[in-house]
Amino acid sequence: MTQDSGTVDGAAIQTWMRRFAEAVDEHRAELVALDTAIGDGDHGTNMDRGMRKAITQMDALADGGIAATLKAVGMALISSVGGAAGPLYGTVFLQMANSAGDAGELDTAGWADAVAAALSGVQARGKAEPGDKTMVDALAPAAEALRAAQAEGLGIVEATQRAADAAQAGMEATIPMEARRGRASYLGPRSVGHQDPGATSTHLLLRSAAEAFAGS
Amino acid sequence: MKKLINAPDAVVREALEGMEMAYGDRLRVSYDPAYIVRRDAPVAGKVGIVSGGGSGHEPMHGGFVGPGMLDAACPGEVFTSPTPDQMSEATKAVNGGAGVLHIVKNYTGDVMNFDMAADLGRGEGIEVQAVVTNDDVAVQDSLYTAGRRGVGITVIAEKICGAAAEERRSLDEVADLCRRVNGAGRSMGMALTPCITPSSGQPSFELGDDEMEIGIGIHGEPGRYREPLAPAAQVVERLASAIVEDLPYSSGDRVLAFVNGMGGTPLIELFIVYRELYKYLQERGITIERRLIGNYITSLEMAGCSITLLKLDDEMIRLWDAPVNTPALRWGT
């Protein structure tokens, strides 16, 4: 792994994807419960189905590079998840793939660029702003934390640790919010007091990156 | 959970197989990607109409595929939008050279996936237009929400637009008509019980024996207001007044009245709802010209109903009366 070099390669990205798939599987019931409270109860099931397919597609790749891996995962999610999560998480990975281009390794700057591209892609497709009680509330702080870590000259392991912590804080901050996008917005004030399931799965995405990149 | 299924993750596929066995003379079913299409598709020179959405709302949408209504329907997982590859393959399958209309219920996931599918279809050189239905008055419509949900008017729009497409009207005309129907329609629903998705096995919300949810969605999402259970007359007054005041509908209007069951309410109760609605509208000088009563846009086994009103004009009446031959709606053939 890559603790010393401060960069990640295609193999590390694949480890991240496997760790994320495991995390979604482990937290499936929790995601379903959160989504049942303010949505339609399918988030954990859909993401679990999608990530299983994504790992199958990833394993069939001849090219295990960063962009090829992320693109395969994104396409698998778009064609298997449905709901809002399919296009949104598909966009996350496709935008990261575009941002990575043909780079064989990502340093903190390249990784921060990729997460920033994912954030703008998600906002363009879902029209959500920070504070709307969506996955953006976890993804935006993570992107900011990576930029700050980049400015401080941190390596990718520590930078991603901070991004995961920022995503966690952003996820927890969705609890008192009133939803303004997605199905939870139909509840209006009744959405207050519940943690957003999309922000929760986005925290898992960043947390699994921190774990994978640290080689844990 | 007590359901007549074999396995939770096989529900959508096995139901599609059953539909194909039952209606294979009229429908073809593709399984990967999943869509249901008219057996004679594509119909040359006719606008193709494609709809779709999560499963669990049967007969919507697959039960409305056939002459006079939809050319294809894309079923997602239960309560989950279908994916762009399903929609784009269905679009290709029904393109008879006159373009394809997507009728999309306003839910975040449905809109995003159909958007991607429309881009894919246009990339194949097919003229695609999409109309988003959003008739549910229970939801505030503002820039700060996902907007009103598409519910009952979707069924009516699919029937009326299907008839217009059979008359070989252009894509622009059929899309305009769809927007006009959506604009003149309003709905609201209520629930007496939650529903249970096969994958979760748990009720979608908790509701006491003496409570009801007003302003319910069709995906097991809770409603806007939880209230003590009331007699049918009061429930209908609650739903109908929210609808009538919203458009508004006024004395002298002619309407199509659609009393829809959510899946777990018997027809005998729906006729009581219709009785109350009839009296409510009659007192206000609003004439029911056409009516539809039954389970057409359901939410699994949820008990409850929704009411939809469409302000009619002569053209809409003529197209509503035109022949239709689908598994769930059939007349004039």
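I count two strands as paired if DSSP finds at least two bridges between them. Helices (H or I, at least four residues) and strands (E, at least two) are DSSP runs, numbered from the N terminus.

I am working on a predicted model, where local features need pLDDT of at least 70, side-chain atom pairs count only at pLDDT 80 or more, and totals for chains, interfaces and linings use all residues. Residues are numbered from 1 along each chain as its sequence is written, and chains are lettered from A and ligands numbered from 1 in the order in which they are written.

**Sheet β1 to β6, chain B.** I looked up the strand order and found an open sheet of six strands, β1-β2-β4-β3-β5-β6 (chain B), with mixed pairing. At its edges are β1 (27-31) and β6 (128-133) of chain B, each pairing on one side only. The twist from one strand to the next averages 20 degrees; axes are lines fitted to C-alpha atoms, for helices over the stretch in contact, and angles run from 0 to 180 degrees between N-to-C directions. Strand β5 (residues 100-105) of chain B runs parallel to β6(B), and six bridges join them. I noted that B:Lys105 stands opposite B:Thr133 in β6(B). Helix α5 (residues 171-183) of chain B lies across β5 and β6 of chain B, at about 5 degrees to β6(B).

**Sheet β7 to β12, chain B.** Here I read the order β9-β8-β7-β12-β10-β11 (chain B), six strands in an open sheet of mixed pairing. β9 (225-228) and β11 (287-294) of chain B are the edge strands with a single partner each, so one side of each has no neighbour in the sheet. Strand β7 (residues 185-191) and strand β12 (residues 304-311) of chain B run antiparallel and are joined by seven bridges. B:Met188 has B:Ile307 as its bridge partner in β12(B). Two helices were checked against this sheet. α4(B) lies across β7, β10 (254-261) and β12 of chain B, at about 45 degrees to β12(B). Helix α6 (residues 232-246) of chain B lies across β7, β8 (211-214) and β12 of chain B, at about 155 degrees to β7(B).

**Helix pair in chain B.** The axes of helix α4 (residues 153-166) and helix α8 (residues 314-321) of chain B come within 8 Å and cross at roughly 85 degrees. That makes α4(B) roughly perpendicular to α8(B) (angles under 35 degrees count as roughly parallel, over 145 as roughly antiparallel, 65 to 115 as roughly perpendicular and the rest as oblique). I listed the contact residues (C-beta atoms, placed from the backbone, within 7 Å): B:Lys159, B:Ile160, B:Ala163 and B:Ala164 of α4(B), with B:Met316, B:Leu319 and B:Trp320 of α8(B).

**Helix pair in chain A.** Helix α3 (residues 43-59) and helix α4 (residues 66-80) of chain A have axes that come within 8 Å and cross at roughly 140 degrees. α3(A) and α4(A) are therefore oblique to each other.

**Domains of chain B.** The domain assignment (bounds from an automatic or database source) gives domain 1 (28-184) and domain 2 (185-311). Their centres, taken over C-alpha atoms, are separated by 24 Å. I found 22 residues from domain 1 and 30 residues from domain 2 in the contact. On the side of domain 1 that touches domain 2, the elements giving two or more residues are α4 and α5 of chain B, and α4(B) gives the most, with four residues.
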